[in-house]
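Q: Could you walk me through this model, starting with the terms you rely on?
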Amino acid sequence: MATLTTTLNCLKKEEDPINIGSKVPELLCDGKITSKWLFDVMIKADSRLKRLCSRYEIENVSCKRLAVGSAFNSMIYRVEIVFEACGVFSLIAKIPCSAITAEGGLVMKKTTFMGHNKEVDFYNLFKTQKLETLPQCYFGRKTEEKEQAILLIEDLGTEVITPSMYQPCRKEQIFIVAEEIAKLQAKVAKLPKKSWAHFEDYFHTLEVHTVLNPVCTPANVEYDVKLGPVLEDLKPVNNAEFARYACLDRPKQIGGITLCHGDVWNGNMFFFKDPKKPDGISDRLRAFADFQTVFGGNMFLDIARYVVLCSEGKVRREIHSEIVPYFLECLKKAFKAEGVKYEYQFSAEEAQELYDLCVVQQAIVNIMIIPYFSPNADGAPEMEHKMRMAELHQRMKEMFIDASELMHKYQWDKL
């Protein structure tokens, strides 16, 4: 297998002259890169763009910031290269930030800067692995290099949509996502473990507890004083020690470690659009995005995070006894399709325990959700925002209550 490199090794050496129109700005992405640099990189990384550049004049280039509010870990831009009488080639530019905008203007230095570097390494690791739910990466540069740290990634186009956090997922979507996570884990199983063992966790087991929750826990109580007792009850598991037990130590004991995406939720997934659905979103997943929190940990973390964070309490409870055996069956099928031996030896009870550990641990991680989404960042009508926050608040409240019940069932409060 190819050795990991600092900059994604996807560029060719030849250079081709291109015809750039007078309207093309010299600086792009709020002045962080030049149009010349972008063209030099992209015509070597993408054959289609290279053909377009050889035949047509570049008339203009536009950059649009994506997502709403202040950036969390990255500033994300859609870059559109407009060709004279020939249409548009678009891509995504992702540039790491220096601050996080959760309540209190908090900064998670490791998650932000080292997360970007992990994503560069992740794309490098998977550049020879064909996975339909992984966008193509054209170029990546890490934060320790002299020039601007950046990722240039495939733009998935207008046929896909990212669901809002305020929009709960459907049961059908959960099972589709479980299938795709299983396919990702099967790809990981084909890689030497040493090739991904260096991916450490900085978010779930560290900066959630050292940076976010000390501020976000009281912010929840300020939002709704009735959350105080259940959050107080969850104190025994609201710490880095339990997070390490749930994400790392217990799955290692049982034999349930894999490379996790680490942040599977609505905002990091693209679904195909479907005008026949009330929300316009199909159950078909096109791609996962944002691999800044990848780490070697509990194999059930990704599906548990999606269920805990994005489903309503009723749906989460309905599938609680279904999702683990379904996910394991998906894993067996995916391993077989990849020609990889399925070697997990844990019992059904141990598998459920690993999943339930993640349910509780993710409830603790999600203490940040109400403070973070309370500001009306996208400028929705006041009454609409009030209603969607009431629904989100109910989801989080039920999540905390269910986590407390699991904590007491397994006696994790006595660890």
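A: Helices (H or I, at least four residues) and strands (E, at least two) are DSSP runs, numbered from the N terminus. This is a predicted model, in which local features need pLDDT of at least 70 and side-chain atom pairs count only at pLDDT 80 or more, while totals for chains, interfaces and linings use all residues. Residues are numbered from 1 along each chain as its sequence is written, and side-chain values use heavy atoms, with hydrogens and water left out.

Q: Which helix holds proline 218?
A: Proline 218 belongs to helix H5, which covers residues 203-223.

Q: And what is its relative accessible area?
A: Proline 218 has a relative accessible area of 46% and is therefore partly exposed, given that buried means under 20%, exposed over 50% and partly exposed in between (1.4 Å probe, protein chains only).

Q: Why does lysine 409 count as exposed?
A: Lysine 409 counts as exposed because its relative accessibility is 58%.

Q: What about H1, is it mostly covered or mostly open?
A: Helix H1, residues 35-45, is mostly covered, with nine of its eleven residues buried. Among them are Trp37, Leu38, Phe39 and also Lys44.

Q: Switching topic, how many cavities of 30 Å³ or more are there?
A: The structure holds one of that volume, where a cavity is a set of points, on a 1 Å grid over the protein atoms alone, at which a 1.4 Å probe fits but cannot get out, and lining residues have an atom within 4 Å of a point. The largest cavity has a volume of about 50 Å³, a volume being the space filled by probe spheres set on the points, with grid points joined across faces, edges and corners.

Q: Which residues line the largest cavity?
A: The lining consists of Pro163, Gln167, Pro168, Cys169, Arg170, Gln173, Asn266, Asp279 and Ile281.

Q: And the chain overall?
A: The chain has 13 helices and twelve strands. Along its principal axes the C-alpha trace spans about 65 × 55 × 45 Å, and 54% of the 415 residues count as buried.

How values were computed. 1 Å grid on protein atoms, 1.4 Å probe; cavity = no way out; pocket = protein on both sides within 12 Å on 5 of 7 lines; lining within 4 Å.
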